[in-house]
4 protein chains.
Amino acid sequence: MIVVMAQAATEADVQGVVERVRELGCEAHLSQGQEATIIGVIGDQRRLRESVFEAMDGVAQVVRILKPYKLAGRGFHPRDTVVSLNGIAIGAERVVIMAGPCAVESREQLWETADAVRAQGIGVLRAGVFKPRTSPYSFQGLGREGLELLAEIRAETGMTVVTELMAPEQVDLVAEHVDILQIGTRNMQNYNLLHAVGESGKPVLLKRGMMSTMEELLMSAEYVLSHGNEDVMLCERGIRTFERATRNTLDISAVPVLKELTHLPVLVDPSHACGNWRWVSSLALAAVAAGADGLLVEVHPQPEMALSDGEQSLRPDRFAELVQRVKAVAAAVGREV
Amino acid sequence: MIVVMAQAATEADVQGVVERVRELGCEAHLSQGQEATIIGVIGDQRRLRESVFEAMDGVAQVVRILKPYKLAGRGFHPRDTVVSLNGIAIGAERVVIMAGPCAVESREQLWETADAVRAQGIGVLRAGVFKPRTSPYSFQGLGREGLELLAEIRAETGMTVVTELMAPEQVDLVAEHVDILQIGTRNMQNYNLLHAVGESGKPVLLKRGMMSTMEELLMSAEYVLSHGNEDVMLCERGIRTFERATRNTLDISAVPVLKELTHLPVLVDPSHACGNWRWVSSLALAAVAAGADGLLVEVHPQPEMALSDGEQSLRPDRFAELVQRVKAVAAAVGREV
Amino acid sequence: MIVVMAQAATEADVQGVVERVRELGCEAHLSQGQEATIIGVIGDQRRLRESVFEAMDGVAQVVRILKPYKLAGRGFHPRDTVVSLNGIAIGAERVVIMAGPCAVESREQLWETADAVRAQGIGVLRAGVFKPRTSPYSFQGLGREGLELLAEIRAETGMTVVTELMAPEQVDLVAEHVDILQIGTRNMQNYNLLHAVGESGKPVLLKRGMMSTMEELLMSAEYVLSHGNEDVMLCERGIRTFERATRNTLDISAVPVLKELTHLPVLVDPSHACGNWRWVSSLALAAVAAGADGLLVEVHPQPEMALSDGEQSLRPDRFAELVQRVKAVAAAVGREV
Amino acid sequence: MIVVMAQAATEADVQGVVERVRELGCEAHLSQGQEATIIGVIGDQRRLRESVFEAMDGVAQVVRILKPYKLAGRGFHPRDTVVSLNGIAIGAERVVIMAGPCAVESREQLWETADAVRAQGIGVLRAGVFKPRTSPYSFQGLGREGLELLAEIRAETGMTVVTELMAPEQVDLVAEHVDILQIGTRNMQNYNLLHAVGESGKPVLLKRGMMSTMEELLMSAEYVLSHGNEDVMLCERGIRTFERATRNTLDISAVPVLKELTHLPVLVDPSHACGNWRWVSSLALAAVAAGADGLLVEVHPQPEMALSDGEQSLRPDRFAELVQRVKAVAAAVGREV
């Protein structure tokens, strides 16, 4: 950390910062330039409050040098993390597709979708049973009944199953029924929930908050990792910007940037990013070309009858076409599906 | 709700929408114009999924006419809600100031701050004990010990006390110790938590998500209201934009817009909005001039020693000055502090 | 256009709107629903001021049905526009790469870059001579001298040359020296300039404003088209968002969305989008996978000595690698470079 | 400027940067810390390209210490600039209100508005004759005819007149007819225009780009100042964010932040910020409470008949009320209107 003093800072201001650095158990390295005095802070800074010096007299700017995360960073863990379960390796050569309906609506709908997904050789089913809905009057998901349907699919087909959970008290129940715990965009900074899934030992699919920076995403991953769970996957799903032609703005740059900053697998959800099935395929191909380790794609047997997100769900025939096109692009960048 | 059909829509597409409207228990009112066919949907639409028609063939656009919230809106409840407790009325003539440290750090620090706040005639103390911190390595708050300190202040001084909570399982404990439950910006769409505080019966201070629209804020208020709790206060605290000179961008327009849309009291938190004590006073005055019903202001006896948010906390002498200035502006717009 | 009246609107309010519609030369189609009265406006609406009804008593909402652009839209011109010059076809099967340095710095630098670009079989050189710099103290470009160097390259190599211009009075001079006129992100809404290049008859490369919507981009294209110039190419180059890990946020969704809305070719500039050469290649591949008709890539023989944008420029060897990778992805989506 | 080297930087990388610093005419001050080597750059840095070091091997981060503007900053010019003309002082004790219609539409409309404005004791008339319209089919302003009407008002009433111009070639003509040249939000980075108004010697009202940071606004002011024109006024008019309840988001924090960074007067345009006359008054009061030196307010005798921006224009009676309320708040913060 570097503390840059204002040009108008007095000798006493500089001394104040130096003493504060020492009180905090670090060393201060003073460098008096022509235009500014700079104080380097040396020692264990991850516990240092970012703002501790900003409130002091004479301080112009505080610059972090070390990343605020450690376990999530490449510095600590240079090699790619591969999350392995049920014979699937996420973060390795294969691009992993996870597909399914926004919400479990009924046994028929779920089975029909699962069959359509399996028919394309895709082994991971993703479907929601606890739905975070903006309106208290909207369908909130089937809850426990939906979990049981997911477990039934899992047992009978051997598919790997992913579902979202929303509160710490749901962790045990959900972990019994599915393989991967999803943290949704609105809960990326629900720290009690991150703590709880960290302790669960189950693989976690952490979606980026629609309002969160990549650094904040990595800090949320750090919460999970720091509670002993190494199986964390990140998912870019679109951020909120001024543009409204699409539901969100897919931050495709997050793929190469995150792959550089972290060893964790990086997936992309093109469905929520654009909010319209007509554009999902283009974004899916872009994600794979950019280096994504996997995709989350919404599929529904009858999108126009879906209880949520129908407009962004692919019909089975369109999903089949997407898988073929993804395979071609994956091959072009040296990967397989 | 109005469904606008694409120019290329076929007769069958139009019929499809009309039938779907009827299946959903509503009536369809068809209007064939020169450039577009428009289908008005008549009936109870608050339960209609916003996207139910967007996925259908031939649909160009779906326009909501009714607001998606009901209990929170002026239509349902034209007169201002006044939240009354301990002889304080929030949402009435007086501008209510809530002040205190970002976090409870120790008995001494809390008492010192409480005394400084009371010395200005301010009766509401706000301080955090469960802190949502971006980093798992930062100070996470004193938890239960902090609650006891808050209860001590409340008992001995009669001050009204506000604190944030982060998970449904904390509701009972927190409700025992303080007067107002705060939902923080990162939890504005933590629906399980909204449900839980809705059932608690305690007054709720709901902060706007830093990247949530005003409509989403009202939908979150609707969650609390729809679980039987009428004592909801809204708080604008800055939104995330491209500008980085300030920590967030105070959306001052939210004050008149929310006052028009809802009957709930609207407060402003200038401290988190700008992130720097030097600008807090200007923003506080602006908020009151714009019509805010109250302010949340961070005060710390020694900001440079604060365990969090020191750079945006006012020293007691500066807080005293702010209160005087706020009184003058409040008087100019026909209110008192 | 649909005018939705407020529930509280009086009969006189409705009549007021109907009369205003007629005064403006359109017809009003009234539809009295249970929850709202809706007035359809029929006639030539492109000249109607969007806000003309919003200021009237009793009006709740005004909804546009027709797109505000005409010449740029697929409705008017369903088939893809192909911009053809010097044997190159932009907007057809081939993905066109335009490459070169941010700024022309010297004859040596320009020739060295042009040779490196040509060596990869790329025939379009893009380089700036009038530089829009945030600071008046930064290098502003070589101006006329730079234009002569570009013309020299064009004459001696047969390369197609693109450069940016910033003011209407530069149009004639620039049009004499180069093949394609670029409008930069800061001038997307410089209407006098759009008017001038519209009249020039030269192909125009119109970059999206960094905080402009896709619709605004199409409206700016409409300015050029409406002044008689049909050779307009659009370029997505990143938009400004809250994320700062990258210089801008590449809005990759703009590729499929624009391809659907307009017949004009859509290019992508991955260099300005991310601002760092390490990520340029990933974004270039993503753009091609998503369906872009071309790429703008910054190349510099010695990026660390560049007078501007060195950090996002590719060295010739890295550019050569990018071209190979782009070819593979283009083939995977059925195109060539 | 401080160059922070990556932990993995080699000795040769460090030497490379040091040599580059010297080549650029500056001195390098090396500081080898435990976690990073830091190179302080000493000398005239305003001409240093921000990115010159970022492209070099081994560089992790480049931190600016000096502000990139000079003439616009308080460091160079600590005392407030007061723009004085026609007996009006902008940037001094009085809060200056500039009011008028979005566009000059006719002699009658302009005189009626001017009379309504003067009736409140307001001496500055603002009205557009060159209108930057998103659509080429919208009313583009009366041009020269409008300028003559403005000059007529000026001559007969003694009012000070402000109007926007859009291209360098308009400067002489506009400067003959009015007192203050306005640069609109879409032209804040039209550098040729900034250069031209800089040389005109006329007072300039520079509106913040809707997509521009405060620092960029100050850099644009620097362009005008560096061409010899000291009479620059800044105007915050709302920025573009994700929120759509208002036309733009008024960045009220810009008032105290800009007043701290620069000596130039800071005005606020509440009309464009919110886009709806019902909220203009609240925002105007907020601006004055926050410390703004002036206001730009749209007034129209018949907003529902306005050719542009009618929905955000105040009728004369509402403007009269606004002036009274602004006077009260101005008095509460120690100023007058």
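**Note on a predicted multi-chain model**

1. In chain B, strand S1 (residues 2-5) and strand S3 (residues 37-42) run antiparallel and are joined by 3 bridges. Helices (H or I, at least four residues) and strands (E, at least two) are DSSP runs, numbered from the N terminus; two strands count as paired if DSSP finds at least two bridges between them. Within this pair, Val3(B) has Ile39(B) of S3(B) as its bridge partner.

2. The model is a predicted one, in which local features need pLDDT of at least 70 and side-chain atom pairs count only at pLDDT 80 or more, while totals for chains, interfaces and linings use all residues. Residues are numbered from 1 along each chain as its sequence is written, and chains are lettered from A and ligands numbered from 1 in the order in which they are written.

3. S1(B) also pairs with strand S4 (residues 59-63) of chain B, in the antiparallel sense and over 4 bridges. A residue is buried if 20 or more other C-beta atoms lie within 10 Å of its own, exposed if 12 or fewer, and partly exposed in between, with C-beta atoms placed from the backbone.

4. The sheet to which these strands belong is open and has 4 strands in the order S2-S3-S1-S4 (chain B), with antiparallel pairing. Its edge strands are strand S2 (27-32) and S4 of chain B, each of which pairs on one side only. From one strand to the next the twist averages 20°. Helix H1 (residues 11-23) of chain B packs on the sheet and touches S1, S2, S3 and S4 of chain B; its direction makes about 5° with that of S3(B). Such angles run from 0 to 180 degrees between N-to-C directions, and axes are lines fitted to C-alpha atoms, for helices over the stretch in contact.

5. Chain A has 10 helices and 14 strands, and 62% of its 337 residues are buried. Its C-alpha atoms fill a box of roughly 75 × 45 × 40 Å along the principal axes. Two residues are in contact if their C-beta atoms, placed from the backbone, lie within 7 Å. Of the contacts in chain A between residues at least 6 apart in sequence, 66% join residues at least 24 apart.

6. Chain A is divided into domain 1 (2-63) and domain 2 (83-332), with bounds that come from an automatic or database domain assignment. The centres of domain 1 and domain 2 of chain A, taken over C-alpha atoms, are separated by 44 Å.

7. Chain D contains a closed barrel of 8 strands, S7-S8-S9-S10-S11-S12-S13-S14, with parallel pairing. Neighbouring strands of this sheet are turned by 25° against each other on average, direction ignored. As one pair, strand S10 (residues 180-183) and strand S11 (residues 204-207) of chain D run parallel and are joined by 3 bridges, and Gln182(D) has Leu205(D) as its bridge partner in S11(D). Helix H7 (residues 254-261) of chain D lies across strand S12 (232-236) and strand S13 (266-268) of chain D, at about 165° to S13(D).

8. Between chains D and B, 35 residues of chain D are in contact with 35 residues of chain B. On the chain D side, the elements that give two or more residues are helix H6 (214-226), H7, helix H8 (270-274), helix H9 (277-290) and helix H10 (316-332). H9(D) gives the most, with 9 residues. By class, this side of chain D divides into 23 nonpolar, 7 polar and 5 charged residues. Ala, Val, Leu, Ile, Met, Phe, Trp, Tyr, Cys and Pro count as nonpolar, Asp, Glu, Lys and Arg as charged, and the others, Gly among them, as polar.

9. A rotation of 180° with 0.0 Å of shift along its axis superposes chain D on chain B, with an RMSD of 0.1 Å. The two copies are thus related as by a two-fold rotation axis. In chain D, the C-alpha nearest the axis belongs to Ala286(D), at 2.0 Å. Copies are superposed by least squares on the C-alpha atoms of residues with pLDDT of at least 70 in both. Of the interface residues of chain D, 97% are also interface residues in chain B, so the copies meet through the same surface.

10. The contact between chains D and A takes 17 residues from each of the two chains. Strand S1 (2-5), strand S2 (27-32) and strand S3 (37-42) of chain D are the elements that give two or more residues to the chain D side. S3(D) gives the most, with 3 residues. This side of chain D has 9 nonpolar, 6 polar and 2 charged residues.
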